[in-house]
Structure formats: C-alpha cells, structure tokens
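User: I would like to learn how to read the sheets, helix packing and chain contacts of a model. Please take me through one.

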Amino acid sequence: MSALLTMEGISKAFPGVQALSKVDFEVIPGEAHALIGENGAGKSTLIKILAGVHRRDAGEIRFEGNDYRVANPHEALAMGVAVIYQELNLVQKLTVAQNIFLGHEPLHRAGFVATREMNARAGEILKELGISIDPRTPVEALGVAQKQMVEIAKALSRASRILVMDEPTAPLTQSEIEVLFRVIAGLKEQGLGIIYISHRLDEVFQIADRVTVLRDGERVHSSEVSETQIDRLVLAMVGRRLAEEEPPLEVPEDAPVALEAEGLSDGRVVQDISLQVRAGEVVGLAGLIGSGRSEFAHLLFGSEAAAGGEARLMGETLSGGVPQRIAAGLGMVPEDRKLQGLVMQLLVKENSTLATLDKYTTGGFIRRPAHESRVQEIIAELRIATRGPRQSVKALSGGNQQKVILSRWMDTGARALIFDEPTRGVDVGAKAEIYALIRELQKRGVAILMISSDLPEVLRISNRVIIIRNGRVAGELSRKEATQEKVLRLMMGADESDNGV
Amino acid sequence: MAQEAHASSEGAAPAGGRAAYSVLVRFGPVIGLAFLCLVLSVTSEAFLNPANLINVARQVSINAIIAAGMTFVMISGGFDLSVGSVMALSGVVGIMAMNAFGDAAGILIMLAVALSCGLWNGLLVAFARINAFVATLAGMTIYHGIALVVTDSFPVTRFGGWYRNFGQGHLFGLPIPIYVLIIVYVVAHIVLTRTAFGTSVYAVGGNEEAARLSGINVERIRTSVFTICGFGVGIASLLIIGRLQSAQANMGIQAELDAIAAVVIGGTSLAGGEGRVFGTLAGAFTIGVLNNGLNLHDISAHWQLVAKGVVIALAVIIDRQLVHRQ
C-alpha cells in the first residue's frame, strides 16, 4: 500500500545536542507504527517536527503524496496531522462538545455557534468511538481516560489522517487501556495512520503493526512487529551501552540508614509509603506517572505538607519546611529543571549557590571574591561546561544546567539527596556524567533516592528498586532480582483485582 | 549579579551581535533618555539652563524614590497600586503628628505609618496569597479612606519647623531632595546587587518554585519588598509635605501610575526576575524631562499625558524587540 506519511533523512540539532540525525519514518493507512526509545532518544523531537513545533534542519516529508511543510501546529492540524500529548490540551471549563469543535465550531448563518448541532455532531463522533460521554459535560468533570477520548474525538472532528499518541496509556488503568486499544483498532479500520509512542514494550506487541526504535537521535531498528521480539527491541533501545556500564558501588554492610520515611501520606495521592535509604546507597523509585512518586519526594523534602507519617534523616525526625530540611542535610534535584530548578534570569554563580548564599555573606553583603572562587571550584569539580561563574544559565546545555542544580547540594554538604528524573532531556554524554556524579556522591556516603521513569536507568544505577503504585509501595527488588519485566509488572499491577480505579 | 545577567547572556556563538544587543538592552533606558535630552537641548534654549535641570531633578525625585521601591516589588514579580494612597495617608498623619509631638517624632511616626502600610500589603500578598493587584487595590482605597477620615477631607498644614528643609532646603546650592534621591538609589542598588537578600528578590521573581526548593523563604522576601516600597513612599511623602507645608487626603492620586511607568520604561520585566534600579532612575527622568520639554514648548498638560503613554508603549516595544533578537 502506498504510504500516508514518509519522513526521510530528518535531522535536527539543538544547541549542544544533535537531537535527530537522518531519521527515516513511514506510516501507511490503517497501521499503527510504534515509535520507541529511551528518554532523549529523539522521539519527541521527531513528533514535534511533524506537528510543526520544530523546523527540521534537513530531510523531506511527504504526506499523502505531497510535499509537507508546516510552520506551526495549527497548520499541521489543518493538513490532517493530530497529536495527542501526554499533558492533554483541553480547556477544562468548556464542555466536551466545545472542546471537540474548538476553533472550528459549526455556525448559524448569523455567525453564532450552532450549539445544538455541535452537541449532536460531537455525540455522533463519540458514539462512533463507542464511548458514552454526554457532549454537554464540562471536561473538568471527566477522568483522564475520558479526556483522552475527547482528544481523539477532537482529532476525528478535524478529519485527521494521522493520529500521534504520546504515551497514551501512562495514566490509565488496565481496563481503560483495553478500551483505548479497542478504539485504536477501530481507527485503524477506518484507514487512519497511528503513530504510537510508548515505553511499554508489551503494548507495542499488542497494538502496533510496525515498530521503529530511536537511540541517540538515530534510527537503530525498524521492522514488522510480528518479526521481532522484546529482547531485540530492548537491546536496540539501550544499545552497546549495556556492555559499558559499571555496576553500582556496593553498599557496605554496616552502612547506617540515612534517609527514612515511615507511613508518609498526603491524604490524596500518596497513601502510605515507608522506605529506608542507607548512606552510600542508591535506591531507585519506579512508578507510573500519577503513582505518587513525585508527590512523595515533595513530602520528604517538606515542600508539601504531609497528612500523616514521618520522615527521618540520620535518625533525626525531619520537621518544618524546606529551609529546615536543607539545614538538616537533605537536598532535592526537582523533576522540572526549568520550572522548579533554575532561575533563568540569574547567573551560574547565583544558581549554584541559591541554597547557600548566606555562607558567602557578611552582614548580608555577599563577599564577591570568596563567592566566585568557590563557584569556580564547583564548576571544576562537576566539570560544568560554562565560561565561568558569571555566565547566564540560559546559555548552558540541559546536562550542564542539571549539574548546576546538583552543585547546590554539593555546596550544602547534603547527607541525602532526592533526584527526580535527573536525566530527563539531557544528552547521552551528560547522562553518563550525571551517573558518574551519582557514583561520586555514593562514595562520599550520600544516600540517594532516585525517581526515574527511565527504567533501564533505574536498573543500571540503583542498588535497590522500590516500586510505587497508587500511592503505596507495591514491591521492592534487589539489584539482582530487578529486571525490566518484573519492575514493569509491579508498576502496572500484576494482579489486576487490586487495581480498582 | 543580576544586572550582569543581561550582559553575559551572549553565551553561545555568534557572540558579537548578541553582545551588541545585550548592551542595548542594558543601556536602552539611558540611551533613550540621552536622545530625548539631545533633542530638547537643540529645540529649546531654556532646557540646558542649570536652573531648569535642577528643577527637573527636584521634581523627578519624588516619583523616582517611589519607583525605586516599586522596582523591588516588580523584580519580585509583584505590583503595588497603593503607593499614592500611602503617600497621602503618611503625609497627613505626618503633619498632624508633627503638630502634636514636634518634627522628629512626627517624621518617625509618618515613616512608621508608610512602612506599616507596605508591610500589610506584603502580608496579604505573601501569606494570605491574595493577588498583588487585588491586595494593593484594596490597600489603595483603604489608605485613602483612612486619610479622608482622619482629616475629615480638609487639608492639614504646618507652617514652620525644620522638616520643611526636606522639601525646600538646599545644600551646596542643590535642593535637598536631590541628595535624598541619590542616597536612596545608591542604597537600593547595593541592596539589590550585593546582598543575599537582593539575589533572593531576583530568584523569587524569576522562579518562585526554584527559590522555594532552594530553601529561600519566599514569604519573607515578598513581605520585605512591599515593606521596602512602603518605606520609600514615606520618604517621598516627607519631601512633598516639606515643600507644600501641608498635606491632604487627595494628594498622590495616580502616583502609582507614574512610578510603574518609570519602572517599566527602565526595563524591568512585568513578569519579574529582571530589572535594575538605575534603569528605573532613567525611566523616572525620561518622564520628568518629557514633561519639562513639553512645558518649555508650551504644549498643554493634556498632551503631556498622551506623550507619556506613547513613551511607555514605545519603551516596552523596543525592549521586547531587543530581548527577542538577543
């Protein structure tokens, strides 16, 4: 069958990173083509080029036989390419029908919105999908799975030919996933092309016809799903780095417990989490988005108030908010570098000492020479690629920005650190350096709790993996026991009966 | 420090063009002011007359001092609409207190009143988490109302007393308000660029969450900037009542607009996280010089309003363009 979409030789560079190099990708009508790869492999960049968010540096795209050039997401949508991002793009206060027809509402002759017609047409689309949602319901009243259906309906209302789904099952329960897969199968029958991005390899085998693996911006594997196996895909995803990796340092038998949570809950997402991290140990915290992992991190760090339970550091109960816990020797590298980590308007020196500015002041005044020379030391120690303490953090690459945040906790002399997605969106080289830094911290006896949705990463650097599901500890695996499959099974809930959402 | 953030963001290649833009962004307000002065010095003989320039500086000092405090608030990502009312309230209380307790005690009381108004604004914004626009809008009417209540809407006067020197006095041939202006700006600049507190103000305005997760006491910083702003207004009010030897509840109306205009023309981002007090000073002088120039050319006060508005819009458009190119 002739291709619906052909992407050939797509390349794209960002400052400091070659995000994509000469990637080919194709979708034919009626197929689901899975796009997989580790975080930072280039999946999102490829999709964003297709969606008109980024411009390609090189390469050709043909869509339904014609040259495809779009300057923005709006044009892509008009051409027939709809993308459903993980963070759904719906207007919470509007109704389902209003969302579905947002920007192309059916109108009366006088120019007013034909609400009745709109509701009726929205109802038809939803019915075709086999979904029973009243089109007049406000979107905010819907659950995640239903919202996703509204997004799909939105794409169908635009007569889209290609539907891109970015990790659609991440927030869904097993029964919701089954509904989604049924809908996807129906869309395939209608001749739509589906681009399906996922971390979960088992899903690829369930729903996709073809699979393409990206690694470090290159296409490393592409085949019919029926002609490959999970192991081959995993190998393609992680590549030869599997062979290079060093095992994490052994934790001494007598290492004391440094960081401890006992029955922590926030009364909403985090139900009851207890765990211990010993000095010099890396504990990986795995869980799906929405499982409560990040919320738990904030409870530990004191940036959110706990409803119950207790956190301890070196045996001392942690009380108070963030400043008290930093003083006690705890630090956190937050999930979103730009939103929670850095102050983009400030310089490297200020960002790297944001938690310790008082150390460099006399009577409130910053001792500039002392401050800058200390920052210079930090830069050298962490090998931060910057022109100096006075460079703006804006100009640094993602990996170096991450190191700047990390350097804050080197400077406080933290005894325990919480990492939330430490390598998201950083290139391979910087990743390796961050791993090396984690080892270095480990050697110094720092206790590390690392949250990551990058499973190979969790398995690679953790001494132990604790799996969180629905705000509770679902299991714990030692480094020897932990395999991708076992962790995934615990993350998703091997026993469906307790997955009562 | 933060004022270097602009200059040093040329980071990656091609550095030359970016450096030029960053210099333009940094000195834009000053360049604009210099250009305005150049035009006026050509078109009007009276403009460069020292007496005229000193007069402009004296007039500008009131707004500039208020705007210095406003710069703190706006760098932290806030906004203060109540400065005009704080000026009126502290002014009338100041005159009444001086009449009752003498100059020194009266001045202390008026500064305390202004500071308390700012503190209250700050507490509302930081702890009650009320939007700064709404909190200070409420403050604006409350303080104005209290000023009307305590004066029964009549002007209050105090003829004589050394406090008048703050408005009318001279030292080495220059009006006292100019010295006060210089002191306020030097202190404000040092606090913002050389202290941990100043850095924290930039951090809170630039990324509140990052600041919080770094252990910065965001609430304390927010409260402090509003308090500083209130205190600055108290100083400005002292300069005004010293000159007028009176105060009334309706003085200071729209002072917030001139102050915010000066800060914005001076290149401080409304979104917070960047800005410099000396930019604000250039902004305040731009407004003052513009008014003076239009006066010298016999252009009506009504047109002066229009011109001020145009300059504000232009300043922001140019700043946006330059930052964007950068």
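Analyst: Start with a definition: two strands pair if DSSP finds at least two bridges between them. The model shown here is predicted. As a case of pairing, strand E11 (residues 257-265) of chain A is joined to E12(A) by 5 bridges, and the two run antiparallel. Within this pair, A:Leu259 stands opposite A:Val277 in E12(A).

User: In what order do the strands of the open sheet with E12 and E11 of chain A come?

Analyst: The order is E12-E11-E14-E15 (chain A), an open sheet of 4 strands with antiparallel pairing. Strand E12 (273-278) and strand E15 (316-317) of chain A are at the edges; each has a single partner strand, so one side of each has no neighbour in the sheet.

User: How many bridges join E1(A) and E2(A)?

Analyst: E1(A) and E2(A) are paired over 7 bridges in the antiparallel sense, and A:Ala13 has A:Gln18 in E2(A) as its bridge partner. On to the next pair: E1(A) and E4(A) are antiparallel over 5 bridges, with A:Met7 opposite A:Ile61 in E4(A). Finally, strand E4 (residues 58-63) of chain A is joined to E5(A) by 2 bridges, also antiparallel. There A:Arg62 has A:Asp67 in E5(A) as its bridge partner.

User: How do I read the burial of a helix?

Analyst: An α-helix has 3.6 residues a turn, so residues three or four places apart point the same way. In helix H18 (residues 484-492) of chain A they are A:Val487, A:Leu490, A:Met491 and A:Met492.

User: What covers the buried residues of H18(A)?

Analyst: The cover includes strand E13 (282-286), helix H17 (455-461), strand E21 (464-469) and strand E22 (472-478) of chain A.

User: And how is the packing of two helices described?

Analyst: Two packed helices are described by the angle between their axes and the distance between the axes. Take helix H3 (residues 50-75) of chain B and helix H13 (residues 277-296) of chain B: their axes come within 9 Å and cross at roughly 145 degrees. The crossing of H3(B) and H13(B) is right-handed. The residues that meet include B:Val56, B:Asn63 and B:Thr71 in H3(B), and B:Leu281, B:Gly288 and B:Asn292 in H13(B). By class, the residues of this contact are 11 nonpolar, 7 polar and no charged.

User: How many residues of chain A are in contact with chain B, and which elements supply them?

Analyst: The contact involves 31 residues of chain A and 27 residues of chain B. On the side of chain A that touches chain B, helix H11 (322-328), helix H12 (337-341) and strand E18 (365-366) of chain A each supply at least two residues. That side of chain A divides into 18 nonpolar, 8 polar and 5 charged residues.

User: Into which domains is chain A divided?

Analyst: Chain A has domain 1 (1-79 + 161-169 + 180-240), domain 2 (81-158) and domain 3 (257-344 + 394-498). The C-alpha centres of domain 2 and domain 3 of chain A are 38 Å apart.

Technical notes. Residues numbered from 1 in each chain as written. Chains lettered and ligands numbered in written order. Predicted model: local features only at pLDDT ≥ 70, side-chain atom pairs only at ≥ 80, totals over all residues. Contact = placed C-beta atoms within 7 Å. Nonpolar A, V, L, I, M, F, W, Y, C, P; charged D, E, K, R; others polar. Axes fitted to C-alpha atoms, helices over the stretch in contact; angles between N-to-C directions. Left-handed = near helix turned anticlockwise from the far one by under 90°. Domains from an automatic or database assignment. Buried ≥ 20, exposed ≤ 12 C-beta atoms within 10 Å, placed from the backbone.
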